[in-house]
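I opened the model to look up the annotated site and the disulfides. My entries follow in the order in which I checked things.

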Amino acid sequence: METRRPRRGWNKRFVLPLALLCLAVLLPGALLPPSASASSSSPAAGGGSRKRRWVGFDYYVLALQWPGTICRETSNCCDTNGCCRSQPLKWFTIHGLWPQYNYGGWPSCCRPTRFNINKILMLMPILEKYWPSLYCGSSSTCFGGRGPFWVHEWETHGTCAYPEIQDEYDYFSTALYLYSKYNVTKALRKARIRPTSGRKYAVGHIVAVIEYAFGAMPSLVCKNGSVQELRLCFHKDYQPRDCTLEAGSAPNGRSYCPRYITFPSYKPSVVANTTEGINNQSNGEVPSYMRTSDSE
C-alpha cells in the first residue's frame with residue numbers, strides 16, 4: 001500500500017474539522033494556517049507520473065466576488081446558484097485561489113487529475129456558504145470537460161500550485177484560511193463601507209482601507225461602475241504582498257473602475273427547490289454528478 005509522507009502542517013487535517021464548525025458561527029480567525037511549503041525541493045512520497053510535472057509560479061491571487069454585482073443580473077435560477085437562495089449574500093464570496101506569474105499571466109490545467117469530492121466532504125458546509133457558484137450550469141474544466149464550479153477552480157488553478165498545494169483538501173482549506181484571516185467584508189464594514197443601494201465610495205478610500213488592514217495593496221475589478229471582484233495577493237509563504245495592476249483596469253478596459261463605485265444589493269429570485277437542494281448539500285449529501293468511486 002502506498003503511504004504518504006507526513007509533511008509540515010500535517011496536523012491541519014485533524015484540527016480543521018473543529019475549526020470549521022467555529023467558522024460557520026464566527027468566521028474570522030477560525031482556520032489554521034497552511035504549511036508555507038509542503039515540499040519545495042522534493043516531490044511527495046510515491047511521486048510517480050501524476051506528480052512528475054508542474055508549472056512554477058510566483059505568487060497567489062485570492063479573488064473575491066461581490067455577489068450583488070453578479071446576482072442582480074440573474075435571470076434564471078437553479079439549486080446550485082448562490083444568487084437564488086432565499087436570503088441574499090451580503091459578504092464577499094470566494095471566486096478562486098490562483099497561482100500567478102510576476103511578469104503577468106498564470107499557469108492553468110497543469111496536471112491531469114480526476115476531482116475527488118471525498119477529500120473535501122468535511123468542507124462542504126463552509127464551501128456552500130463562502131464559496132458558492134453564482135451561476136447556473138456547469139463550468140468548463142480542463143481537457144475538454146465540464147463540471148461544477150469547484151471542479152473548474154481545482155483543475156484550472158489548484159493543480160498549478162504543486163508542490164505548495166498537493167491535493168483538493170489542501171487547495172480549498174488554504175483558500176478558506178486566507179479568506180478567514182484576511183476578512184475583507186469585516187475590514188470594509190469597520191470603515192463604514194457597507195452595501196447600500198445608490199451609495200458611492202471612492203476607490204482610493206477602499207484601497208486604502210484594505211491596505212491599512214492587511215499591509216498590502218489589493219486590486220479591484222468593476223462592472224458598470226460597481227465592484228465585481230476585490231483581489232488580495234500573497235507570497236508563496238502566504239504573507240500579503242501588493243497586487244499588480246490588472247490588465248483590463250485601464251480607462252478603456254472592460255474591468256475599469258471609475259473614481260467612485262458602488263456595492264449593489266439585490267433581491268433573490270428563489271426557485272421552489274433551491275433551499276432544499278442547498279440544505280441537502282450542506283448536510284453532506286453530495287449531488288450525483290459530484291460523486292466519485294470510493295476506490296480512488
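I count a residue as buried when its relative accessible area is under 20%, as exposed over 50%, and as partly exposed in between. The model is a predicted one.

**Entry 1: helix H4**

I looked up H4, residues 149–156. I found 8 of its 8 residues buried, so the helix is largely enclosed by the rest of the structure. The buried residues are Phe149, Trp150, Val151, His152, Glu153, Trp154, Glu155 and Thr156. I then asked what covers the buried residues of H4. The cover includes strand S2, helix H3 (124–130), strand S3 (139–140), strand S4 (146–147) and helix H5 (168–181).

**Entry 2: the annotated site**

I checked the UniProt record, an unreviewed entry, which lists His95, Glu153 and His157 under "active site". The three span 63 residues in sequence, yet no two of their C-alpha atoms are more than 11.2 Å apart, so they gather at one spot.

I placed histidine 95 in strand S2, residues 93–100. Its relative accessible area is 18%, so I noted histidine 95 as buried. Leaving out residues up to four places away in sequence, I listed its contacts as Ala63, Leu64, Gln65, Trp131, Phe149, Glu153 and Glu229.

I placed glutamate 153 in helix H4. Its relative accessibility is 0%, so glutamate 153 is buried as well. With neighbours within four places in sequence set aside, glutamate 153 touches His95, Gly96, Trp98, Trp131, Gly158 and Tyr171. Trp131 is on the contact lists of both histidine 95 and glutamate 153.

How far apart are glutamate 153 and histidine 95 in sequence and in space? I read 58 residues along the chain and 8.2 Å from C-alpha to C-alpha.

**Entry 3: disulfides**

Cysteine 78 is joined to cysteine 136, with an S to S distance of 2.2 Å. I read -115° about the S-S bond, a left-handed link. Cysteine 78 sits in the loop between helix H2 (67–71) and S2, and cysteine 136 in the loop between H3 and S3, so the bond ties together parts that are 58 residues apart in sequence. Is cysteine 78 buried or exposed? At 17% relative accessibility, cysteine 78 counts as buried, whereas cysteine 136, at 31%, counts as partly exposed.

Cysteine 110 is joined to cysteine 160, with an S to S distance of 2.0 Å. The torsion about the S-S bond is about 100°, so I recorded this disulfide as right-handed. Cysteine 110 lies in the loop between S2 and H3, and cysteine 160 in the loop between H4 and H5, so the pair ties together parts 50 residues apart in sequence. I noted cysteine 110 as buried at 1% relative accessibility and cysteine 160 as buried at 0%.

Cysteine 222 is joined to cysteine 257, with an S to S distance of 1.9 Å. I read 95° about the S-S bond, which is right-handed. This pair links distant parts of the chain, 35 residues apart: cysteine 222 is in strand S6 (residues 219–223), and cysteine 257 is in the loop between strand S8 (240–241) and strand S9 (260–262). I noted both cysteine 222 and cysteine 257 as buried.

Definitions and conventions: Residues numbered from 1 in each chain as written. Predicted model: local features only at pLDDT ≥ 70, side-chain atom pairs only at ≥ 80, totals over all residues. Heavy atoms only, no water. UniProt positions renumbered as here; feature names shortened; annotations may be inferred. Helix = DSSP H or I, 4+ residues; strand = E, 2+ residues; numbered from the N terminus. Buried < 20%, exposed > 50% of the residue type's maximum accessible area, 1.4 Å probe, protein only. Contact = heavy atoms within 4.5 Å. Disulfide = S-S within 2.5 Å.
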